[in-house]
Amino acid sequence: MMWRALRPSPTGLAVGLLADRVLGDPRRFHPVAGMGQGAAALEARLYADRRGAGVVQVAVCVGAAAGVGGLTAAVVSSHPGARILATAAATWAVCGGTTLAGVGGQMADALDAGDLEAGRALVPSLCGRDPQALDAAGICRAATESIAENTADATVGPLVWGAVAGLPGLLGYRMANTLDAMIGHHNRRYERFGWAAARFDDVLNLVPARLSGLLVVALGPDRRGALRAWRDDAAAHPSPNAGVVEASFAGALGVRLGGETVYPHRVEQRPVLGDGRPPGTADLRAAVALSRRVQLGALAVSAGVAALLSRRSAG
């Protein structure tokens with residue numbers, strides 16, 4: 001009975017992603033921003049330089065988000081139309097692929113127009129790197145890497161967990177991913193407190209990242225290049241998931257990613273992914289187009305899985 005109440009809605013997933021494709025992120029009262037504010041308020045009370053405190057932070061925040069999803073699912077479970085609408089609204093709220101692609105396109109436009117400062121101003125919308133340390137080539141590389149990684153985080157991940165676990169999966173995944181972005185960092189404050197958030201996000205993204213890689217191989221312009229870069233380079237990346245998606249994007253597009261990566265308070269030497277040219281604005285536009293195709297491919301797979309699970313739960 002409980003599983004029937006929580007069963008996923010393939011139609012709701014499709015309508016929600018369509019809403020994201022047409023409307024982009026909600027302009028006001030964004031639920032993800034509310035998740036972040038709630039997590040920050042709890043952190044102010046719970047923070048301690050210990051892993052245990054971070055485990056509590058993750059458990060409370062993700063549990064609350066998934067619980068809201070579960071309660072909503074239970075309320076609408078006997079009303080098919082309401083279940084579709086609730087799933088569509090949640091999917092729209094937690095998927096950010098259209099805004100991601102839009103910023104990438106704006107960045108390419110600015111650089112093609114020779115407006116380096118406009119390109120730098122858009123960098124914080126995609127990643128946490130130091131914009132002033134980036135020239136035009138650096139911006140293209142940073143944006144291409146971010147579009148690759150966040151295609152999995154912002155769209156494929158929510159769709160996969162929405163297909164498997166319905167509303168609790170959608171909201172719980174997004175809260176976990178938000179926590180990772182907020183506290184899952186290797187720095188003095190979060191090395192211990194953020195450990196649980198980073199590890200939990202890694203676990204949740206094991207399947208979405210690899211589905212993203214497979215879709216890049218299937219839908220990208222160079223299948224052999226994508227497979228080769230995934231096989232040869234992904235494991236060297238410090239993230240077990242980002243490396244898969246960034247390497248497959250690099251191989252599919254024929255570019256080289258990785259290298260020196262400058263953040264406001266540190267510099268990292270990232271492994272080289274792919275063996276092609278440094279990405280330019282044309283490659284950044286190609287990454288945007290590939291991201292959009294991967295998002296639609298992920299919807300097709302996730303809706304199919306949701307339909308199968310929904311039929312089984314109704315049987």
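Biologist: In what sense do β1 and strand β2 pair, and over how many bridges?

Modeller: In this predicted model, β1 covers residues 257–263 and β2 covers residues 266–273. The two strands form a hairpin with 2 residues between them, and Glu260 has Gln269 of β2 as its bridge partner. Their pairing is antiparallel, over 6 bridges.

Biologist: How many residues of strand β1 are buried?

Modeller: Strand β1, which runs through residues 257–263, has 7 residues and is described as mostly covered. The number of them that are buried is 6.

Biologist: Where on helix α2 do its buried residues fall, and within what arc?

Modeller: Helix α2 has 14 residues, 10–23, and reaches 20 Å from its first C-alpha to its last, close to the 20 Å expected at 1.5 Å a residue. Its buried residues are Gly12, Leu13, Gly16, Leu17, Ala19 and Asp20, whereas Leu18 and Val22, on the other side of α2, are exposed. Viewed down the helix axis, the buried residues line one face of α2, because they fall within an arc of 150°.

Biologist: Which residue just after α2 takes a positive phi?

Modeller: The backbone just after helix α2 has a phi of about 70°, a positive value. The residue that takes this phi is Gly24.

Biologist: Is Ser78 buried or exposed?

Modeller: Ser78 is found in the loop between α4 (51–76) and α5 (80–94), and its side chain makes a polar contact of 3.5 Å with the side chain of His79. Its relative accessibility is 56%, and the cut-off for the exposed class is over 50%. Ser78 therefore counts as exposed.

Notes. Residues are numbered from 1 along each chain as its sequence is written. This is a predicted model: local features need pLDDT of at least 70, side-chain atom pairs count only at pLDDT 80 or more; totals for chains, interfaces and linings use all residues. Side-chain values use heavy atoms; hydrogens and water are left out. Buried means under 20% relative accessible area, exposed over 50%, partly exposed in between (1.4 Å probe, protein chains only). Helices (H or I, at least four residues) and strands (E, at least two) are DSSP runs, numbered from the N terminus. Two strands pair if DSSP finds at least two bridges between them. The expected span of a helix is 1.5 Å times one less than its number of residues. The arc is that of the directions from the helix axis to the C-beta atoms. A polar contact is a pair of N or O atoms within 3.5 Å; within protein, one must be able to donate a hydrogen and the other to accept it, and residues adjacent in sequence count only if both atoms are side-chain atoms.
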